[in-house]
Structures are given as C-alpha cells and as structure tokens.
Amino acid sequence: MQAWQVHENGEPGEVMRLAEVDQPVPGEGQVLLRVRAANVNFPDALLCRGQYQIRPPLPFTPGVEICGETEDGRRVIANPALPYGGFAEYALADARALLPAPDSLDDAEAAALHIGYQTGWFGLHRRAHLEAGETLLVHAAAGGVGSAAVQLGKAAGARVIGVVGGAEKAAVARELGCDVVVDRLSEDVVAAVKEATGGRGADVIYDPVGGAAYAQSAKLVAFEGRIVVVGFASGTIPSPALNHALVKNYSIVGLHWGLYNTKNPKLILRCHEELTELAARGAIKPLISERVPLSGAADAVRRVADGTTTGRIAVVLENGAAA
C-alpha cells in the first residue's frame with residue numbers, strides 16, 4: 001500500500017516521503033481500517049518535527065484523524081494508532097474508540113468532525129460552561145479549530161466575536177456566522193472588541209493561539225469570564241499573571257482533550273452523539289476548504305503549519321466516496 005512516512009524529524013515538506021510499504025497488521029484490540037479521508041491537523045506538523053506530546057518511533061506515518069471503513073463496511077471516525085497514521089491507504093485504530101460516521105456528512109467532513117469539534121465541545125461546555133446569551137470570543141476563528149468553536153458557540157446561543165488575520169479569513173469568519181469579526185492585521189483587537197461589547201469584554205475566550213492572542217485575552221475577559229487555553233499555534237507559550245486573574249476575577253481554564261480518552265471515555269461518546277445530532281440538523285458542518293489526493297498530503301501539512309489555510313484540508317483517497 002501507499003503511505004507517507006517520516007524517517008527523521010524536521011519540517012513536514014522536507015521529511016514526509018510517499019512510499020510503498022507493507023499493510024499494517026492489527027495488534028491486540030486493534031482493527032485495520034481502509035482510509036476514506038484523513039483530516040490535516042496542526043499536530044501532524046508537530047509530529048513531523050518531533051515536538052508533539054506523543055513521539056512515535058521512526059519511521060511513522062502521520063495523520064491523527066480519519067474517516068475509515070471497517071472490514072464489514074462500516075464508515076467510522078477514528079484517531080489512528082501511531083505509528084500507523086492516516087496519511088496512507090490503510091491505518092490501525094483502537095477497536096473500542098471507533099465512532100460511527102454521521103450519515104449527514106461526507107467522508108472529508110466526517111474526518112474533520114472529531115478532534116476540532118470534540119475540543120470545542122469540551123472546552124466550551126465542560127470547561128467554560130458557556131451559556132446562551134453570553135459573548136464568546138474565538139481567536140483564529142477561520143482556522144480548523146476556531147471554525148469549529150464558532151459553529152458550536154452559535155449553536156449554543158452565544159454571541160460570537162471572531163478574531164482573524166487578513167481580509168480573506170475575515171470573509172470566512174462572517175460566512176461561519178460570527179456576529180462580529182475583527183481583523184488583527186488591520187485593527188486594534190482590544191479596542192475593537194471593547195467597542196463591540198460596550199467595554200464589558202467577552203464572557204468566554206477560546207484561545208488555540210497563545211502568545212500575543214493570550215495577552216489580548218487577559219485585557220478582554222469580562223467579570224467572571226473564562227479564558228480557555230486550547231493550544232499554542234503561535235509557538236509562544238504565555239506566562240499568565242495570576243495576580244491579574246485575581247484582581248479582575250476571571251478564570252484561566254486549560255483543556256487537554258486527549259486525557260478524556262483515558263480519564264472519562266464515556267464523555268467522548270456522549271459528545272459525539274451531540275455532535276452527530278447538531279450535524280444532522282445543520283447546526284454544525286465542518287468547513288472543508290480543500291480536498292487533496294494522497295499525493296498532496298505533505299504539502300497540505302506544510303500549509304497548515306504555516307497558518308495560511310482556512311477551515312480544514314482533507315486528504316481524500318480514491319476509495320473514499322461521499323456518503
């Protein structure tokens with residue numbers, strides 16, 4: 001079968017190589033899945049660089065999120081068991097962790113429903129307890145993680161402010177349903193958000209960026225607000241001033257979604273059931289900005305790492321037809 005492999009750590013465009021390899025053999029508790037579509041995530045780039053919290057043995061195949069097909073023909077969503085990731089014709093996955101792919105979504109959309117939307121659901125509902133009528137601010141609102149949070153925020157009845165970088169991404173954020181869009185490249189984010197909220201700020205701030213975005217969040221969080229720390233796509237991990245959190249009376253909430261797989265896996269299934277229902281009634285729909293063949297996976301990972309993309313890029317295999 002064909003699979004992308006990483007033999008040494010480095011930048012995705014330099015270390016990912018498409019090769020003919022043996023089909024993986026499932027271990028105990030694993031299943032073999034025919035890959036229909038694989039979603040490209042920022043962690044794929046971190047895996048290539050050797051900077052992710054999981055460091056699979058070399059060589060490995062990246063691709064942490066797929067829509068696959070079981071031997072008995074079921075469409076499922078899975079996180080592949082590394083080192084046999086999703087940028088390949090076949091991947092391995094934990095049999096207990098398979099989730100049914102929603103009939104309302106095609107393969108590329110189903111592949112993109114998992115990590116970003118689960119992270120958004122857990123971040124907004126389990127950690128921040130977002131309520132209808134509250135104001136939600138989403139950094140990188142046009143990206144894969146941010147776009148999911150925007151849709152989930154709107155589905156929850158929140159007023160959503162999206163912060164983006166550039167006119168093209170601003171247009172995408174508006175199409176996603178953001179009530180207010182702030183272009184950080186041409187506007188003062190703090191001033192614009194304060195104006196949009198009458199000086200009050202945002203009740204919940206969803207931050208997958210870190211760095212300067214977090215510094216803005218601390219200035220913009222409302223009384224009894226919650227800043228949800230999801231990741232550090234900027235490459236800079238901030239050092240929060242806890243005295244500021246005390247004086248201003250807000251919460252800094254961390255989210256490590258992967259921990260729920262071991263700490264409380266039943267919540268993963270409950271979340272997926274809710275996401276499936278939201279997708280069925282059209283309240284959420286993964287934004288697939290581009291579909292590429294398997295041969296385009298390395299370039300797609302590179303572009304996601306560079307932050308030049310909107311929504312999600314999906315690697316769609318020839319055997320992956322629409323639902």
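**Close-up views of a predicted model**

**View 1. Helix α4 passes helix α5 in a right-handed crossing.** The model shown here and in the other views is a predicted one. Helix α4 spans residues 115-127 and helix α5 spans residues 144-155. Their axes come within 8 Å and cross at roughly 50 degrees. The two helices are therefore oblique to each other. On the α4 side, the residues in contact are Gly116, Tyr117, Gly120, Trp121 and Leu124. They meet Ala148, Ala149, Gln151, Leu152 and Gly153 of α5. Sorted by class, this contact holds 6 nonpolar residues, 4 polar residues and no charged residues.

**View 2. Helix α4 is largely enclosed by the rest of the structure, since 10 of its 13 residues are buried.** The buried residues are Ile115, Gly116, Tyr117, Gln118, Thr119, Gly120, Trp121, Phe122, Gly123 and Leu124. Several of these also take part in the contact with α5, including Gly116, Tyr117 and Trp121. After the helix comes histidine 129, which has a positive phi, near 50 degrees.

**View 3. Histidine 114 sits in the loop between α3 and α4.** Helix α3 covers residues 107-111. Histidine 114 has a relative accessible area of 4% and is therefore buried, as the cut-off for a buried residue is under 20%. Leaving aside residues up to four places away in sequence, histidine 114 touches Glu65, Ile77, Asn79, Leu99, Thr119 and Trp257. Of these, Thr119 is one of the buried residues of α4.

**View 4. Helix α2 and helix α12 cross at roughly 100 degrees.** Helix α2 is made of residues 42-49 and helix α12 of residues 297-306, and their axes come within 8 Å. This angle makes α2 roughly perpendicular to α12. Phe42, Asp44, Ala45 and Arg49 of α2 are in contact with Val301, Val304 and Ala305 of α12. The contact comprises 5 nonpolar residues, no polar residues and 2 charged residues.

**View 5. The buried residues of helix α2 are Asp44, Ala45, Leu46, Leu47 and Cys48.** Among the elements that cover them are β1 (2-6), α1 (12-15), β2 (16-20), β3 (30-39) and α12. Asp44 and Ala45 also belong to the contact with α12. Helix α2 is followed by glycine 50, and the phi of glycine 50 is positive, near 75 degrees.

**View 6. An open sheet is formed by 6 strands.** The strand order is β10-β9-β8-β11-β12-β13, and the pairing is parallel. Strands β10 (180-183) and β13 (251-254) stand at the edges with a single partner strand each, so one side of each is left without a neighbour in the sheet. From one strand to the next, the twist averages 20 degrees.

**View 7. Strand β8 is mostly covered, with 5 of its 5 residues buried.** The strand runs from residue 135 to residue 139. In a regular strand the side chains alternate between the two faces of the sheet. Thr135, Leu137 and His139 lie on one side of β8, whereas Leu136 and Val138 lie on the other. Both faces are covered, and these residues are all buried. Strand β8 is joined by 5 bridges to strand β9 (residues 159-164), and the two run parallel. The bridge partner of leucine 136 in β9 is valine 160.

**View 8. Glutamate 187 belongs to the loop between β10 and α7.** Helix α7 covers residues 189-196. With a relative accessible area of 35%, glutamate 187 is partly exposed. Glutamate 187 touches Val181, Val182 and Ala192, again not counting residues up to four places away in sequence. Glycine 165 is 22 residues from glutamate 187 in sequence, and the C-alpha atoms of the two are 9.8 Å apart in space.

Terms used:
Residues are numbered from 1 along each chain as its sequence is written. This is a predicted model: local features need pLDDT of at least 70, side-chain atom pairs count only at pLDDT 80 or more; totals for chains, interfaces and linings use all residues. Side-chain values use heavy atoms; hydrogens and water are left out. Axes are lines fitted to C-alpha atoms, for helices over the stretch in contact, and angles run from 0 to 180 degrees between N-to-C directions. Helices (H or I, at least four residues) and strands (E, at least two) are DSSP runs, numbered from the N terminus. Angles under 35 degrees count as roughly parallel, over 145 as roughly antiparallel, 65 to 115 as roughly perpendicular and the rest as oblique. A crossing is left-handed if the near helix is turned anticlockwise from the far one by less than a right angle, and right-handed if clockwise. Contact means heavy atoms within 4.5 Å. Ala, Val, Leu, Ile, Met, Phe, Trp, Tyr, Cys and Pro count as nonpolar, Asp, Glu, Lys and Arg as charged, and the others, Gly among them, as polar. Buried means under 20% relative accessible area, exposed over 50%, partly exposed in between (1.4 Å probe, protein chains only). Two strands pair if DSSP finds at least two bridges between them.
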